[in-house]
Amino acid sequence: MHTQPLSRLSIFVDGNNMFYAQQKNGWFFDPKRVLEYFTKETVPSTLINAFWYTGLKDPQDQRGFRDALISLGYTVRTKILKEYYDDNSGRYSQKANLDIEIVIDMFNTAAQYDRVVLFSGDGDFERAIELLRSKNTHITVVSTEGMIARELRNATDRYIDLNSVKRYIEKD
């Protein structure tokens, strides 16, 4: 009897984008439950890589959280937040854009996986996803209504709203 090989999965979490999505939904997901759920759901998979990207106020920021992610098996990529002045609002805001790091990791590890789960609603990933799909990679994007760019939703094989998987991945 021929059994189907397990698909090889990589997970990419745009931490800052997801922080706002979770805040908007009023609940937070558990990084450990995310790994468990996405390796067992519709297509049983072998987890190849899990990356978490986040902006930091300073090098010590989120130290405990980052250590916990690393102990769960995530590769954590960070960047110090930059302060920007917004002429329209007259306010300063902080931003750490890790889109380039996410795309580099996606392409640098592309030979290792055939499925991707991207936690982000950022439309900047549209082209990268189109290119990965052209290499027969199955892409799932996880975000939330009102925060998922139309281009990204259009480019992906499958879109999952965070609220539809809340009971599987919510932090206790």
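Visitor: Does D172 count as buried or exposed?

Guide: D172 counts as exposed, because its relative accessibility is 88%, where exposed means over 50% relative accessible area, buried under 20%, and partly exposed in between (1.4 Å probe, protein chains only). The model is predicted, so local features need pLDDT of at least 70 and side-chain atom pairs count only at pLDDT 80 or more, while totals for chains, interfaces and linings use all residues. Residues are numbered from 1 along each chain as its sequence is written, and side-chain values use heavy atoms, with hydrogens and water left out.

D172 takes part in a salt bridge with R33, and their closest N and O atoms are 3.7 Å apart. R33 belongs to helix α2 and D172 to the segment after α7 (166–169), so that the pair links distant parts of the chain, 139 residues apart. Helices (H or I, at least four residues) and strands (E, at least two) are DSSP runs, numbered from the N terminus. R33 is partly exposed, since its relative accessible area is 22%.

The whole structure holds eight salt bridges, each defined as a side-chain nitrogen of Lys or Arg within 4 Å of a carboxyl oxygen of Asp or Glu. One of them joins R8 to D114, with 3.3 Å between the closest N and O atoms. Because R8 lies in strand β1 and D114 in the loop between α4 (99–108) and β6, this pair ties together parts that are 106 residues apart in sequence. R8 is partly exposed at 32% relative accessible area, and D114 is partly exposed at 26%. R153 and E145 form a further salt bridge, in which the closest N and O atoms are 3.1 Å apart.

Leaving aside neighbours within four places in sequence, V117 is in contact (heavy atoms within 4.5 Å) with residues including L9, I11, F38 and V142.
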